[in-house]
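Here's a quick tour to keep open next to the viewer.

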Amino acid sequence: METYAELSDGTKQAGTGYLIADRVMLTARHVVVDSNGNAGVVTVRGMDRSADWITAKVVWTPADTTIDVALLELDTLPIQLPVVRWGRIEGGPPREVSGIGFPRRQDRGRVRHSDHFWGQVTVEPRRNALSVDVGSSTQRAPDMRDSHAALQRWDTSEWSGVSGAALFCGPLLVGVVSSDAYVETYDGRKLHGVPVTAFWGDPDFTRQRERLGLHTHTYPVLDPNALTPPVEPLTHRTEKREDLHVAMSTQIRGLTAGWNGVQRAADRAIDLRCRVVGGESYAEQAQAVPITHDTIVDYYRALSPRRLVITGPSGSGKTILVLRLMRQLLDHPGLPIPVYFNLAAWELPDPKIRQLPPEARPKKLASHFEDWLARQLVARNLVLSLRDARRMVQGRDILPVLDGMDQIPAASPPVDAQATRSADGGIDRTLRDLVDALNGYLDLDGGQLAPLVLATRSGKDFETETRDIPLPEGAVVEVERLTWVQIQQHLESGEGPPLKETDQPVDWQPVLDDLTRNRGEAVAARRLDTPWKLTLAVWAAASQRVTPEELIAGDTSDAEVEERLLASFVPSVHGYHSVHNSGTSGKSPEQVMGWLSVLAGHLRRNQGTVHGMRLSGREVILAQIWPVAEVKRVRKAHTLVHTLPIFFFGMACVIAAVSGLGHAADFFRELLDGNLPALTRAASKRLTAALLLATALLAAGVYFARRYWPWMPPTHWPLLAFAQRRTQGLRTRRGPRRILSGLEIGSAIGLGVGMACTLAFGWWPGVITGVAVAAFFGWFMERKVGLDRTLSGNFNPEFFWVLDALAAVVFAGLGALVFPILEYRWIDGLVFGACFGFALGFGFGLVPWLRYTTAMTLATRDGLLPWRLAAFLDWASKAGLMTISGVGFQFRHQELQEWFTDNEPPYKATRVNRSGADGGKGPEASGLQM
């Protein structure tokens with residue numbers, strides 16, 4: 001900025017200043033303050049010669065008058081500027097430096113033109129000053145406006161008037177130009193400057209820095225000779241790595257799908273302010289790299305070893321920063337593939353490990369951590385077989401990106417209060433074991449820590465409770481709360497949704513006025529200090545459920561405002577994106593909130609280890625949602641639905657064995673007459689075989705229906721893994737694949753019904769019935785019910801066809817062997833066994849879906865959830881309420897889930913005993929009467 005000052009002693013000064021933030025300028029003290037310490041009347045303007053002069057006020061100068069620097073605050077500024085980052089030079093060889101100023105030699109009467117300079121800067125420790133060697137005039141930017149006459153007009157240096165210019169080393173502001181260095185000696189080729197470190201510790205400057213929203217951290221300018229490019233741990237490209245790369249790219253798209261809100265950029269990610277708070281030794285070559293959304297990958301790659309821990313308060317944007325890092329790392333081929341893991345699903349290690357000597361414990365815990373990573377890769381359908389997953393983990397082909405360490409439930413059940421605490425600091429034993437496991441997770445050579453990224457709240461980030469959160473080894477970066485400047489810039493950007501009624505932008509002027517008047521002490525600066533809170537406010541104001549005036553009202557507490565923002569979020573989003581396309585047309589916002597409340601309550605009751613399965617309490621997975629409709633009732637209904645078809649098929653087999661194929665009418669006529677059919681030797685053997693088959697089927701049906709967690713096709717079987725690799729896209733519900741999917745569903749169900757009808761009533765009735773049933777169910781299940789959409793990624797439907805084929809081959813062989821013993825032709829046994837096996841494989845592979853459908857039918861009858869739950873969750877992810885996480889969905893923010901769990905929705909509710917992890921004896925949950 002071109003700077004002029006009229007000092008109290010009558011002198012006039014011309015200098016340079018630099019805008020370091022919105023309406024905040026840094027310049028030299030002697031330009032704006034006289035020798036008695038009195039500030040002059042200062043006006044400034046930018047490089048546009050037509051720009052108006054702006055009045056500026058001196059708000060700070062150092063108590064030490066030898067430090068030639070001053071901070072000015074401008075009255076107005078028509079543009080928004082980013083906040084400049086500070087740098088510090090800690091000795092060593094010269095660094096490249098650059099700046100821009102308004103030298104007097106560029107005075108053209110009504111305006112001074114700007115000029116750039118470049119050079120080498122060194123630190124003079126004794127004078128606490130910078131020495132800038134700008135070299136000869138040919139080493140700066142050539143300016144054709146220069147003339148010999150203009151230079152001769154001044155008897156001072158050609159750089160007179162540049163006092164106050166900012167000195168930059170790369171993106172970091174390291175000092176301010178204060179004076180020339182002996183013009184006669186150096187001929188204008190050397191300047192003096194004040195380093196940032198000279199005034200950084202000044203208490204008044206610290207207060208002004210906080211009030212004006214300036215950066216609170218300085219980054220070291222490293223020795224360029226010490227910087228060595230990091231050696232990339234390149235990995236071999238394999239088919240399995242390519243599959244995982246594609247899977248992670250898809251998962252990240254799902255996790256970030258709701259960032260931009262509904263239809264409009266309502267909550268575009270705000271660039272974060274971060275500072276290093278620990279593990280500086282890991283970041284010696286990275287501290288000069290600013291930590292932003294766009295440069296986080298550069299910072300991470302400069303770490304050695306690459307261990308990054310990101311902390312920050314709830315809603316500060318830790319997860320978004322992590323996901324951006326993952327997305328950027330996926331663009332660097334040859335690096336380990338970043339894989340997102342939610343630590344809420346962390347499995348407790350064997351208690352025997354704690355009894356080991358301290359030196360042996362980390363290795364065992366690290367081995368447990370690696371096994372957990374491998375199992376998670378398979379469980380989330382990212383890797384096909386457990387063997388391949390373990391190879392990738394042990395080969396360090398993946399970069400574990402861990403989130404939610406602060407959400408890990410404590411060891412359950414605890415033996416006593418003391419048993420759950422470690423002896424070193426009262427830290428929860430579960431977290432201590434995890435940290436020891438992470439610290440024992442080493443690279444292939446075992447010489448240093450393996451790459452890892454972790455996002456968590458630290459102990460001081462808990463607002464309502466005190467909790468000790470230990471952190472593993474690594475560079476610790478803290479995401480800071482938003483400054484009033486960032487809040488102001490986001491609200492003025494107009495990126496939020498418009499008013500629902502008028503489609504006009506929201507009038508944020510009351511909030512902006514509050515921020516302008518009070519800066520960091522403003523009510524809005526306190527209530528909107530995280531991206532999550534700001535997002536809630538933007539949506540609430542757009543729907544006019546919470547107005548900007550109410551956001552800053554002094555008669556309401558911060559907690560009350562936050563409560564209202566959370567309560568209005570779902571209705572606000574619902575107003576911009578109806579539930580019509582989700583198959584739940586016409587549902588009100590209150591009913592949507594009811595469904596989300598039921599899901600949140602289900603997650604609360606089902607976390608930790610439940611009947612041998614570790615549940616995160618964060619992810620809504622369709623295969624695990626069935627307890628929401630009451631465990632005992634669902635299992636009874638499932639048993640009935642599952643065994644009835646088996647019973648009728650068994651009856652058909654008995655009828656065919658006793659009376660022959662298609663003689664059901666004769667069989668029942670003789671029974672009604674009180675005559676038992678006469679059995680030949682062959683018929684006796686056939687009846688015995690039919691009874692054994694029916695009994696075995698019924699026993700298996702009852703067993704699979706009564707299991708707490710339904711049987712799932714084992715993805716780690718090599719044959720199934722091979723089948724998935726060859727047919728991954730079979731079940732994607734698009735074009736011809738939908739037809740193939742419908743044919744598979746219909747043919748399996750039609751075969752089962754057709755075989756039973758053929759055994760009981762003959763060939764033609766069986767064929768006609770089977771074809772009709774196959775056509776109906778193939779169309780109905782695929783088109784109306786959305787079987788594949790419901791099952792994709794949750795019940796492993798891509799394996800159904802191979803299970804069908806495998807069962808068909810096995811039972812075809814058994815039929816060909818057994819039927820001759822029963823005095824049938826072997827070809828009959830081959831055909832019967834193939835058809836029977838195909839239908840049986842599909843039927844038992846469909847057990848999880850049948851459990852899910854039974855539960856959703858009961859839950860819908862009670863008004864708890866929509867029957868097409870998957871479609872509703874899909875809508876919720878598009879609306880920004882939930883995100884896709886692997887094979888499930890999770891609430892967009894933990895605070896939103898907790899609100900639905902802890903607050904009674906604003907509609908008539910009834911209490912029903914919804915069992916949870918205790919199998920029917922759990923606490924009550926809120927249900928709906930609608």
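This is a predicted model: local features need pLDDT of at least 70, side-chain atom pairs count only at pLDDT 80 or more; totals for chains, interfaces and linings use all residues.

Residues are numbered from 1 along each chain as its sequence is written, and side-chain values use heavy atoms, with hydrogens and water left out. A closed barrel of 6 strands runs in the order 1-2-3-6-5-4, with antiparallel pairing. The largest nonpolar core has 107 residues. Helices (H or I, at least four residues) and strands (E, at least two) are DSSP runs, numbered from the N terminus.

**The barrel**

- Two strands count as paired if DSSP finds at least two bridges between them. Strand 1 (residues 2-6) pairs with strand 2 in the antiparallel sense over 5 bridges, and E2 has T16 in strand 2 as its bridge partner.
- The hairpin of strand 1 and strand 2 has 5 residues between the strands, and G10 takes a positive phi near 95 degrees there.
- Strand 2 also runs antiparallel to strand 3 (residues 24-27), joined by 4 bridges, with Y18 opposite L26 in strand 3.
- Strand 2 and strand 3 make a hairpin too, with 2 residues between them, and R23 in the turn has a positive phi of about 65 degrees.
- Strand 2 (residues 12-21) is largely enclosed by the rest of the structure, because 7 of its 10 residues are buried. Buried means under 20% relative accessible area, exposed means over 50%, and partly exposed is in between (1.4 Å probe, protein chains only).
- Strand 5 (residues 54-60) pairs with strand 6 (residues 70-74) over 4 bridges, again in the antiparallel sense; A56 stands opposite L74 in strand 6.
- Helix 5 lies across strand 5 and strand 6, running at about 135 degrees to strand 5.

**Strand 13**

- Strand 13 (residues 190-195) has 6 of 6 residues buried, so it is largely enclosed by the rest of the structure.
- In a regular strand, side chains alternate between the two faces of the sheet. Both faces of strand 13 are covered, with K190, H192 and V194 buried on one side and L191, G193 and P195 buried on the other.
- Strand 10 (residues 129-133) runs antiparallel to strand 13 with 4 bridges, and L130 stands opposite G193.
- Strand 12 (residues 172-180) is joined to strand 13 by 5 bridges, also antiparallel, and S179 stands opposite H192.

**Nonpolar cores**

- A nonpolar core is a set of buried Ala, Val, Leu, Ile, Met, Phe, Trp, Tyr and Cys residues joined through side-chain atoms within 4.5 Å.
- In the largest core, W86, L596, L865 and L881 touch the most other members. Helix 15 (residues 531-542) gives the most to this core, with 9 residues.
- Apart from that core lies another, of 69 residues, among them V276, V297, A374 and V435.
- Leaving aside neighbours within four places in sequence, L596 is in contact (heavy atoms within 4.5 Å) with V570, F872, L881, M882, F891 and F900.

**Helix packing**

- Helix 18 (residues 589-605) and helix 29 (residues 869-878) pack at about 105 degrees, with their axes 12 Å apart. That makes helix 18 roughly perpendicular to helix 29; angles under 35 degrees count as roughly parallel, over 145 as roughly antiparallel, 65 to 115 as roughly perpendicular and the rest as oblique.
- V592, W595, L596 and L599 in helix 18 meet F872, L873 and W875 in helix 29. The residues of this contact divide into 7 nonpolar, no polar and no charged. Ala, Val, Leu, Ile, Met, Phe, Trp, Tyr, Cys and Pro count as nonpolar, Asp, Glu, Lys and Arg as charged, and the others, Gly among them, as polar.
- Helix 19 (residues 631-659) and helix 21 (residues 681-706) have axes that come within 9 Å and cross at roughly 170 degrees, which makes helix 19 roughly antiparallel to helix 21. Their contact has 18 nonpolar, 6 polar and 4 charged residues.

How values were computed
Axes are lines fitted to C-alpha atoms, for helices over the stretch in contact, and angles run from 0 to 180 degrees between N-to-C directions.
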